[in-house]
Amino acid sequence: MPSRTVHRPVAEVVRGLEALRPLRGTPVPHFRAKVRDLVVVASSSRGGSSMLAELLRSSPHLLHLRGELNPLLRLVGLDHPHSGTGSDALDAAHWHGLPPWSRALFEAELALDAGSPGTGVENLAADAAWRLVVQWPELDLDPVDLVRTAEAVLDRDLPRFARALIGRAGVNPWYYDLPGQSPGPRPTGPPGDVLLEEPPFVLPRPWRPAAEHDLATKPLVIKTPGNAYRLGFLRAVFPHARLRVLHLTRNPAASINGLVDGWLHHGFHAYRLDEPLRIAGYADVRPADRHWWKFDLPPRWPSYTAAALPRVCAHQWVSSHRAVLAHGADHTVRSEDLISGPHARADAVERIADWLGIPFDGPLKRVATDGIAATVATAAPRPGRWRAREEDIRSALSTDVLAMAERLGYGRDDHWI
């Protein structure tokens, strides 16, 4: 395995998280070994996984992470280029090759992160401080002072609490998925040179940590698009769990369009590269971002560093689904069914609930019928939005992309919404 040098900002973050750990509760001992059912939502980036995860969070019969897995992987050096794979790909050897202290750190933070949405605010201040320390690794933020600050502005109105805390911390609210307009101009570049979490950053929310009895009876749902390349790794991390793959698909045109929007957005910075990108339609439009790759990092990405932006996005789409199909999926759901109206959405979520073995009732049935507000959206959703870029997107539909579309059931482009 390649050596993993811990950069100074990351080492400072680790010390900050260790200081916060006693304030966040007691993690379930031997957490990984006690997880019995792991469900991986595998999709391409901008494929609808955030919306699906938020729908599923309404069920009291499931466990989740507060955000995505990427920050924890970066804390222990399992990111590009430190992993040595040249992409987001990880396998079992990466887990077994971690030094004991890295595995202990990863497991402790994972155990504290897992749970389900709650109603109380008991640990909200400490959890909010954790998020800020991870989100701004280059800033000199004292974690214990952040807890005191969060306690001083604690509010059950979560957007108001987040705005107050962000203001006290002196960080840019544009890098968060906040409702309404933030003050000041939109950023032209990333929030820093070292990032552990991709913006738009996760907002703190009341959370009920997973208890030991939850792990024996409730599936743990993990949603991160890069996990399409990490299924073997996750099997090693959770050695006693049944691993099931929920394959979320979306037609290539809508997916590519969403990715283009994201590349041109002021967030979604994933990897800082030494050499500037020459991606046409990106590096020339957002020059301050030209050292940043956005979203997942698929195999063979270096071949696309000077391609047109829609071709880069098409490669991300096809690579993710190729990886999922190579592993094998246990259940498939179309993102289109989640946005086609209340009846199609409710039918799709009911089928997922049946496959998961959980009741389709109560809050889950209600949100499946009524829908939820858009999450991490770059533009208001509407059917056929990709047609505003139709010529550019069709130019990126290579033989490989069209073959994958056919394989996923999107052979007819008049059905692409």
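Ala, Val, Leu, Ile, Met, Phe, Trp, Tyr, Cys and Pro count here as nonpolar, Asp, Glu, Lys and Arg as charged, and the others, Gly among them, as polar. This is a predicted model, in which local features need pLDDT of at least 70 and side-chain atom pairs count only at pLDDT 80 or more, while totals for chains, interfaces and linings use all residues. Residues are numbered from 1 along each chain as its sequence is written, and side-chain values use heavy atoms, with hydrogens and water left out.

**Stop 1: the largest cavity**

Select Ala128, Arg131, Leu132, Gln135, Ala162, Leu165, Ile166, Tyr176, Val202, Leu203 and Pro204, which line the largest cavity. A cavity is a set of points, on a 1 Å grid over the protein atoms alone, where a 1.4 Å probe fits but cannot get out; lining residues have an atom within 4 Å of a point. Helix H7 (124-135) and H9 are the elements that give two or more residues to this lining. Helices (H or I, at least four residues) and strands (E, at least two) are DSSP runs, numbered from the N terminus. H7 supplies the largest share of the lining, four residues. Colour the lining by type: nine residues are nonpolar, one is polar and one is charged.

The space in the largest cavity is about 60 Å³. Such a volume is the space filled by probe spheres set on the points, with grid points joined across faces, edges and corners. In the whole structure, four cavities of 30 Å³ or more are found.

**Stop 2: Arg168 in H9**

Stay with helix H9 (residues 158-169) and select Arg168. Is Arg168 buried or exposed? Its relative accessible area is 54%, so Arg168 is exposed. Buried means under 20% relative accessible area, exposed over 50%, and partly exposed in between (1.4 Å probe, protein chains only). Leaving aside neighbours within four places in sequence, Arg168 is in contact with Thr149, Ala152 and Val153; contact means heavy atoms within 4.5 Å. Draw a line between the C-alpha atoms of Arg168 and Val153: they are 9.0 Å apart, and the residues are 15 apart along the chain.

**Stop 3: the nonpolar cores**

Next, select Phe31, Leu38, Leu75, Phe106, Leu132, Leu220 and Phe238, the residues that touch the most other members of the largest nonpolar core, which has 71 residues. H7 gives the most to this core, with nine residues. A nonpolar core is a set of buried Ala, Val, Leu, Ile, Met, Phe, Trp, Tyr and Cys residues joined through side-chain atoms within 4.5 Å. In soluble globular proteins, nonpolar side chains tend to be buried together.

Centre the view on Leu220. Beyond its neighbours within four places in sequence, Leu220 is in contact with Phe31, Val35, Asp37, Leu38, Val39, Leu63, His64, Ala114 and Phe238. Another core, of 36 residues, lies apart from the largest one and includes Val260, Ile279, Val401 and Tyr410.

**Stop 4: salt bridges**

A salt bridge is a side-chain nitrogen of Lys or Arg within 4 Å of a carboxyl oxygen of Asp or Glu. By this rule there are 31 salt bridges.

Select Glu54 and Arg205, which form one with the closest N and O atoms 3.1 Å apart. Glu54 lies in helix H3 (residues 49-56) and Arg205 in the loop between H9 and strand S4 (207-209), so the pair ties together parts that are 151 residues apart in sequence. Glu54 is partly exposed at 21% relative accessibility, and Arg205 is partly exposed at 25%.

Go on to Arg66 and Asp127, whose closest N and O atoms are 2.8 Å apart in a salt bridge. Arg66 is in the loop between strand S2 (63-65) and helix H4 (70-75), and Asp127 is in helix H7, 61 residues apart. Both Arg66 and Asp127 are buried.

**Stop 5**

Select His247 in strand S6 (residues 242-249). His247 counts as buried because its relative accessibility is 1%. Apart from neighbours within four places in sequence, its contacts are Ala42, His321, Val324, Leu325, Ala329, His331, Thr332, Val333 and Leu408.

At 4% relative accessibility, Ser319 is buried. Which residues does Ser319 contact, leaving aside its neighbours within four places in sequence? They are Tyr229, Pro298 and Pro299.

How values were computed:
1 Å grid on protein atoms, 1.4 Å probe; cavity = no way out; pocket = protein on both sides within 12 Å on 5 of 7 lines; lining within 4 Å.
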